[in-house]
Amino acid sequence: MENNTVHSAIRKYNQDKMRLMDILIEIQDNENYISDDAVRIISEKLELSLVDVEQTISFYHFLSKEPQGKYTIYLNNSIVSNMMGRQIVAETFENEAGCKFGEVAEDGIIGLFDTACIGMSDQEPAALINGNVFIHLTPFRVKEIVRDMRTGKDVKKMHTSYLDGGQNKSEYLNSAVRNNIMRMGPVLTDDYNPGTIIMNNLPQLTPEQVIEEIKTSNIRGRGGAGFPTGLKWEFCRIAKGDKKYILCNADEGEPGTYKDRVILTERPKLLFEGMVIAGYSIGATEGILYLRYEYKYLKHYLENALEEARGKNLLGNDIGGIKGFNFDIRIQLGAGAYICGEESALIESIEGKRGEPRDRPPYPVEKGYNDCPTVVNNVETLCSVVKIMLKGGEWYSSLGTPVSTGTKVLNISGDCKYPGIYEVEWGLTIIDILDMVGATDVQAIQVGGPSGSLIGPEEFDRKLCYSDLVTGGSFIIFNFNRDLLKNVVLNFTDFFIEESCGSCVPCRSMIPLFKQKLEKILSGNGVASDLEDLQSWGKLMKTNRCGLGHTAANPILTSLKNFRYLYEEKLERGKEYETGFNLEQAVSESCEATTRVPNF
Amino acid sequence: MSKPVIATATLAGCFGCHMSLLDIDEKILDLIELVEFNKSPIDDIKNFTKKCDIGLIEGGCCNSENVHVLKDFRKNCNILISFGECAIMGGLPAYRNPIPIKECLEEAYLNGPSVKGHNESGIIPNDEEIPMMLDKVYPCHEIVKIDYFLPGCPPSAELIWNALTALITGNEMELSYEIIKFD
C-alpha cells in the first residue's frame with residue numbers, strides 16, 4: 001500500500017480525529033483495503049490508540065483490513081433482490097470471477113461480497129461495484145461486466161444505458177439508476193423555485209415564528225419514529241450550548257426503503273433549503289448531511305449543489321441578507337452500517353467512532369454531535385419543511401388526517417406491477433395502496449421494513465397514520481408464490497444478526513437463538529413449546545438500548561402473530577419436546593476423519 | 001412414602017460438579033436420610049435398577065456414548081437437571097466447537113507438540129469400541145428435554161442442596177442474588 005495515500009488523506013482532513021471516517025474511506029477507496037501500516041500512521045497522527053482506529057474499521061461493512069479486489073462487487077442480498085433473481089446472478093458472478101462470495105479471486109482483480117439492501121428495491125437485483133450502482137442485473141450483464149473488468153475498463157464506462165430521465169443523467173451524476181417516481185405530491189412537485197423561502201420569507205421571520213409555523217403544521221419526523229418536528233426544534237433552540245448542529249439523516253438502511261435516494265437525486269436544493277431553515281430556527285451554524293456509503297455515487301453531485309447554493313448566498317455568511325446568519329453544510333459519508341440510521345449512533349459515526357447507540361437521556365437536542373445541542377431530521381422531513389413555509393402550516397395540516405398531517409413518500413417494491421416512489425396523503429388504507437400499485441394475489445406485506453410488521457389480508461383495511469399503521473415508508477409486497485417463513489422471515493432475521501452492533505446482550509445473542517429456533521421449526525422438528533418460547537423471548541428484546549434491538553425479533557414475532565398457521569403446520573404433532581438432534585449426522589464428520597464405519 | 005430416588009452422571013465434564021455435590025459436608029448424612037441413590041458414580045451403580053425421580057447431569061455431550069447415557073437418563077428419570085456450566089452451555093470442552101473435528105483430531109494425535117514424531121504410523125484411533133466423536137460439543141438440552149438448570153462452575157454446594165430439597169419437599173427454591181449473579 002502506498003503510504004502517500006495515507007498521508008495525503010490525513011492532511012486532507014487536517015489530522016482531525018473527528019474525521020476518521022473520511023480518512024478511512026479515502027484510503028479504502030484508493031487502495032481497496034486499509035493496511036496495518038496505515039492504521040499505525042493514522043493512530044500516530046490523529047493521536048488515537050491503535051484499537052480506536054481498528055474498532056472503527058472493523059465496525060463498518062465497507063472498510064476492510066484485507067484487500068477487496070481491484071473491482072469490489074457488493075451484491076445486494078436483501079429479500080427483494082432474492083425475489084427478483086439474485087441467485088442466478090450470484091452464481092454467474094462466481095463462475096465468471098472464479099471465486100465464491102466473501103472471497104477475492106486469486107489474481108486480486110475481482111472481489112465478491114454480499115451486502116444488505118443498497119436502496120434499489122425497485123430495480124433489483126442490484127450491486128455496488130467500486131461505489132457505482134449497477135441495476136437490473138442478469139447473467140448476460142454479469143458476463144459482460146466481468147469481461148470488462150478483465151480488460152481493465154473504468155467502472156463508470158461499463159454502464160450500457162442511462163435510461164431514466166431526471167438528474168441521474170446529469171453531468172455530475174452520470175448514474176444508470178432509475179428514479180421511478182410514480183406519483184408526486186406537494187412535497188415532491190417540481191414547481192418550486194429553490195431559494196425562494198430563504199430569500200423572501202426568512203428575513204421577515206424570527207426563528208421562533210418559523211418554529212411556530214412548523215408546530216402549526218403538526219408534521220412529525222418522517223424517518224419512522226414520528227417525533228413532532230416543531231417540538232424537536234424548539235427543544236434544541238432553548239437548549240444551552242456554544243454551538244448547535246443540524247444533521248440530516250440520509251442513512252436509509254431499512255431494507256425496502258429508497259425514497260431518500262430519489263429525493264436526494266431530484267430535490268437536493270429543497271433538502272438543503274430545509275436544512276438552512278432548520279439551522280436558522282435552532283441557531284445552528286453547521287449542518288451535516290450523513291449520506292450512507294451506498295449512495296456515495298451522489299456525493300459529487302450533491303457537493304456541486306452545495307457549491308451552487310453558496311454562490312447564490314443560500315449558504316455561507318449573512319444568508320439571504322440576514323445579518324449574522326452564517327450557516328454551511330458538509331457531507332459525511334457512512335461506511336455501511338444499518339444501525340447508523342439511529343440518531344445517536346449516527347452522531348457517533350459522524351464523530352469517527354463505531355456507530356453504537358448512546359444511552360438516552362441526554363437526548364441529542366441537549367447533547368448531540370460534539371456534545372452540543374443537535375437536531376437530527378430525516379431527508380423527507382426537511383424537504384416538507386420548505387413547503388410548509390411556502391404554503392403555511394395551516395395548509396399542511398389540512399392534508400392527511402387530523403392526527404397524521406401532510407403527505408408521506410412510500411417506497412413500493414416486491415410483487416406488484418408498478419414499484420417505485422409514491423407521495424400520498426396520510427390516511428390511505430392498505431387496499432388503496434395495493435390498488436394504486438397494481439398488486440393482486442397478495443399474501444402479505446412487510447410494512448416499514450424488517451423492523452416493522454408482516455401483515456396479512458385480514459389487516460388490509462388498516463389505515464396509514466400514526467394512530468394505526470405507522471411506517472417509515474417501506475412496503476414490500478409478497479404474493480402467494482412466496483414462502484414467507486423460509487424466504488422472508490429468515491432473510492430479515494439474518495439481516496438483524498449481521499447489523500446488530502453487539503452492544504446489548506439480548507440483541508447480540510438472542511437473534512441467533514431466534515434464528516436457530518426458526519430453522520428447527522422449518523426443518524420439521526418444531527413442537528408447540530417452541531412457539532411459546534419464541535413469544536416469551538420477544539419480551540426480552542425490550543431490554544435492548546435502541547430501536548434496532550427492540551425490533552430485531554419483529555420479523556419472527558409479527559409473522560408468528562399474523563401467520564401463526566404457517567408455523568403450526570410445520571410442527572410435529574403429539575410431541576411435547578423435540579430437539580431435532582440427529583446422532584447419525586453429528587458423528588459423520590469424525591467417522592470420516594478417522595476412516596471408521598459408524599456403529600450405533 | 002418411599003424415599004425419592006436420585007441418579008447422577010458425568011458426561012463431558014471434569015467431575016467438579018460432583019465434587020461440589022459432595023461438598024455439602026455433613027449434610028450428606030441428611031441427604032442419605034432423605035433420598036436413595038441409584039445409578040451414579042457416588043455409589044458406583046453402573047446401570048439403572050429402577051425408575052428414578054431425579055437425574056443430575058454434569059457435562060455436555062462430546063461423543064456418542066454421552067448421547068446414549070443422556071438418553072438413558074431421560075428415559076429413566078422423571079425430572080432431569082443440567083447442573084453446571086458444561087451441561088448447560090457446553091463449557092470448556094465446547095471451546096473446540098469453532099474448529100472442525102478433523103483438525104482437532106489431527107492436532108491431538110498427529111501434530112500436537114506432545115505427539116509429533118511419536119505417532120509414526122499416523123493413526124488416529126478408530127477402534128469401533130471407542131465412542132464416536134460428535135461434530136461439536138452439545139449442551140444437554142440440545143439433545144433431550146431438560147427440566148431444570150443449575151448454573152455455576154461448579155454450582156455451589158448450597159445451590160445443589162437447596163434445589164434438591166426444594167424438589168423433594170415441594171417448596172419453592174430460595175434464589176439469593178449472589179447465587180444467580182456471577183460477574
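In this predicted model, A:Pro268, A:Lys269 and A:Phe272 of helix H12(A) meet A:Leu302, A:Ala305, A:Leu306 and A:Ala309 of helix H13(A). By class, the residues of this contact are six nonpolar, no polar and one charged. H12 covers residues 268-282 of chain A and H13 covers residues 299-311 of chain A. The two helices pack at an angle of about 60°, and their axes are 10 Å apart. The crossing of H12(A) and H13(A) is right-handed.

H12(A) also packs with helix H10, residues 229-238 of chain A. Here the angle is about 45° and the axes are 8 Å apart, which means that H10(A) is oblique to H12(A). On the H10(A) side the contact involves A:Trp233, A:Cys236 and A:Arg237, and on the H12(A) side A:Ala278, A:Ser281 and A:Ile282. The residues of this contact divide into four nonpolar, one polar and one charged.

Chain A also contains an open sheet. Strands of a sheet pair through backbone hydrogen bonds, either parallel or antiparallel. The sheet of chain A has five strands in the order S2-S3-S1-S4-S5, and its pairing is mixed. Strand S2 (103-104) and strand S5 (132-134) of chain A stand at the edges; each has a single partner strand, so one side of each is without a neighbour in the sheet.

Within this sheet, strand S1 (residues 71-76) and strand S3 (residues 110-115) of chain A pair in the parallel sense, over six bridges. A:Tyr74 stands opposite A:Phe113 in S3(A). Helix H6 (residues 86-97) of chain A packs on the sheet and touches S1 and S3 of chain A. The direction of H6(A) makes about 160° with that of S1(A).

The last topic is the contact of the two chains. Chain B gives 17 residues to this contact and chain A gives 15 residues. On the side of chain B that touches chain A, the elements giving two or more residues are helix H3 (64-76), helix H5 (101-111) and strand S6 (133-138) of chain B. Which of these gives the largest share? S6(B) does, with four residues. By class, the side of chain B that touches chain A has 10 nonpolar, two polar and five charged residues.

Note on methods: Residues are numbered from 1 along each chain as its sequence is written. Chains are lettered from A and ligands numbered from 1 in the order in which they are written. This is a predicted model: local features need pLDDT of at least 70, side-chain atom pairs count only at pLDDT 80 or more; totals for chains, interfaces and linings use all residues. Axes are lines fitted to C-alpha atoms, for helices over the stretch in contact, and angles run from 0 to 180 degrees between N-to-C directions. A crossing is left-handed if the near helix is turned anticlockwise from the far one by less than a right angle, and right-handed if clockwise. Two residues are in contact if their C-beta atoms, placed from the backbone, lie within 7 Å. Ala, Val, Leu, Ile, Met, Phe, Trp, Tyr, Cys and Pro count as nonpolar, Asp, Glu, Lys and Arg as charged, and the others, Gly among them, as polar. Two strands pair if DSSP finds at least two bridges between them. Angles under 35 degrees count as roughly parallel, over 145 as roughly antiparallel, 65 to 115 as roughly perpendicular and the rest as oblique.
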